[in-house]
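This briefing goes through one protein chain by topic. It begins with a charged network, then turns to the chain as a whole and to selected local features.

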Amino acid sequence: MEIAPRWEALADEFAALGKEVAAALDALDPERRGWTHRREHNAYGSVALAHPAGWQLYIWREKAHCKGAAGQRLTIKGIVPSEYRGRAEHRITVAGDRKPGDIARDIARRLLPDYRDTAAQAFEHRDQEQAATRARVAAFARLREALPALSSGASSVESGYGLFYRGRARVSDGRGGTRESEHSAHASGSVRLSFDGSTGSIKADEVPLELLVEFLARLNAGSQVLTGKVMPRELESDLRELGWAPSVIPGEVVAGRPGGGGEQQPVPPVAGAGRSHLAT
């Protein structure tokens with residue numbers, strides 16, 4: 001699209017302003033140097049500033065429809081990621097005829113301190129959102145392994161929401177038409193994962209009774225189902241092995257082995273044997 005000459009002139013004007021403001025911000029805080037500008041095309045003029053730390057500023061003429069000085073006034077806003085869960089908004093306005101160095105000092109004094117604190121929280125929220133999205137994607141992949149017929153439908157996999165249909169559903173063929181899915185399911189329903197993908201909800205219709213019983217049995221927290229393999233091993237014991245020990249009865253000697261019926265067989269005394277061979 002061809003850019004109108006007036007827009008090109010405004011883009012040049014604001015790009016020059018942004019370049020000077022960025023240089024002035026670097027000079028004001030040498031330890032945090034790195035500000036750059038990005039050329040913008042806007043009917044009323046605008047320019048964006050960016051820093052390697054992730055900070056972004058947007059400068060534009062917000063009320064160009066107004067007459068006089070109000071129409072030339074510049075609005076400067078600190079941009080935070082969309083994942084930010086707070087309500088703070090950081091913006092200031094400055095006169096349009098201020099010098100770039102003065103604008104930079106106003107930004108450094110009135111905008112950046114609070115904006116940097118908010119941006120730090122916003123970046124943390126963004127990291128949490130991205131980690132949760134990755135977790136949902138991984139969880140959805142596990143669900144697909146269990147039920148290949150599960151698809152994201154009109155939603156994206158990142159949302160953690162999926163659909164499944166009884167039998168073979170009609171799915172997109174990627175060319176604007178539909179085809180029969182190669183996977184099937186025993187019921188129809190949907191699955192929705194939680195924010196971090198650690199839990200989820202399922203809705204299913206026309207579930208066969210046996211499958212429904214099995215599913216509910218797995219939800220029974222009172223059952224103690226043991227899984228694994230039984231591996232035999234020798235157990236040590238503190239008790240000695242119990243065996244037969246010979247007993248001595250006064251007046252006779254008892255054989256060292258029990259009889260076939262478990263009865264002890266007495267041995268007749270040997271003639272001429274002394275009492276030394278008998279128990280006393």
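A network of salt bridges links Glu-62, Lys-77, Glu-89 and Arg-91. The structure, which is a predicted model, holds 15 salt bridges. Its secondary structure comes to four helices and 12 strands.

**The chain as a whole**

- The chain has 280 residues, and 26% of them are buried.
- Counting contacts between residues at least 6 apart in sequence, 42% join residues at least 24 apart.

- Asp-102 and Arg-105 form a salt bridge through their side chains, with an N to O distance of 2.4 Å.
- These two residues are separated by about one helical turn, because Asp-102 and Arg-105 stand three residues apart in helix α3 (residues 100–146).
- Asp-102 counts as partly exposed because its relative accessibility is 24%, and Arg-105, at 45%, is also classed as partly exposed.
- A salt bridge also joins Asp-106 to Arg-109, where the closest N and O atoms are 3.3 Å apart.
- Asp-106 and Arg-109 both belong to helix α3 and are three residues apart, about one turn of the helix.
- Asp-106 has a relative accessibility of 9% and therefore counts as buried, whereas Arg-109 is exposed at 59%.

- Glu-214 and Arg-218 form a salt bridge in which the closest N and O atoms lie 3.9 Å apart.
- Glu-214 and Arg-218 are four residues apart in helix α4, so about one helical turn separates them.
- Glu-214 is partly exposed, with 44% relative accessible area, while Arg-218 reaches 68% and is exposed.
- A nonpolar patch on the surface is made of Ile-202, Leu-209, Leu-212, Val-213, Phe-215, Leu-216 and Leu-219, which together have about 680 Å² of accessible area.
- Helix α4 (residues 209–219) gives the most to this patch, contributing six residues.
- Leu-209 is found in helix α4, and its relative accessibility of 58% is why Leu-209 counts as exposed.

- Strand β9 (residues 188–193) pairs with β10 in the antiparallel sense, over six bridges.
- Strand β10 (residues 200–205) lies largely in the open, because the number of buried residues among its six is zero.

- Thr-36 lies in strand β1 and is partly exposed, with a relative accessible area of 44%.
- Thr-36 and Ala-23 are 13 residues apart in sequence, and their C-alpha atoms are 7.9 Å apart in space.
- Setting aside neighbours within four places in sequence, the contacts of Thr-36 are Ala-22, Ala-48, Leu-49 and Ala-50.
- Glu-40 is placed in the loop between β1 (36–39) and β2 (46–50).
- Glu-40 has a relative accessible area of 17%; the cut-off for buried is under 20%, so Glu-40 is buried.
- The side chain of Glu-40 makes a polar contact of 2.8 Å with the side chain of Arg-38.
- When residues up to four places away in sequence are not counted, Glu-40 touches Ala-11, Ser-46, Val-47, Ala-48 and Tyr-58.
- Ala-48 is among the residues touched by Glu-40 and is also among the contacts of Thr-36.

Conventions
Residues numbered from 1 in each chain as written. Predicted model: local features only at pLDDT ≥ 70, side-chain atom pairs only at ≥ 80, totals over all residues. Heavy atoms only, no water. Buried < 20%, exposed > 50% of the residue type's maximum accessible area, 1.4 Å probe, protein only. Polar contact = N/O pair within 3.5 Å; in protein donor to acceptor, adjacent residues only side chain to side chain. Contact = heavy atoms within 4.5 Å. Patch = residues over 30% accessible without salt bridge, like charges linked within 9 Å, V, L, I, M, F, W, Y side chains within 5 Å. Areas by Shrake-Rupley, 256 points an atom, 1.4 Å probe, with all protein chains shown as cover. Salt bridge = Lys/Arg side-chain N within 4 Å of Asp/Glu carboxyl O. Pairing = 2+ DSSP bridges.
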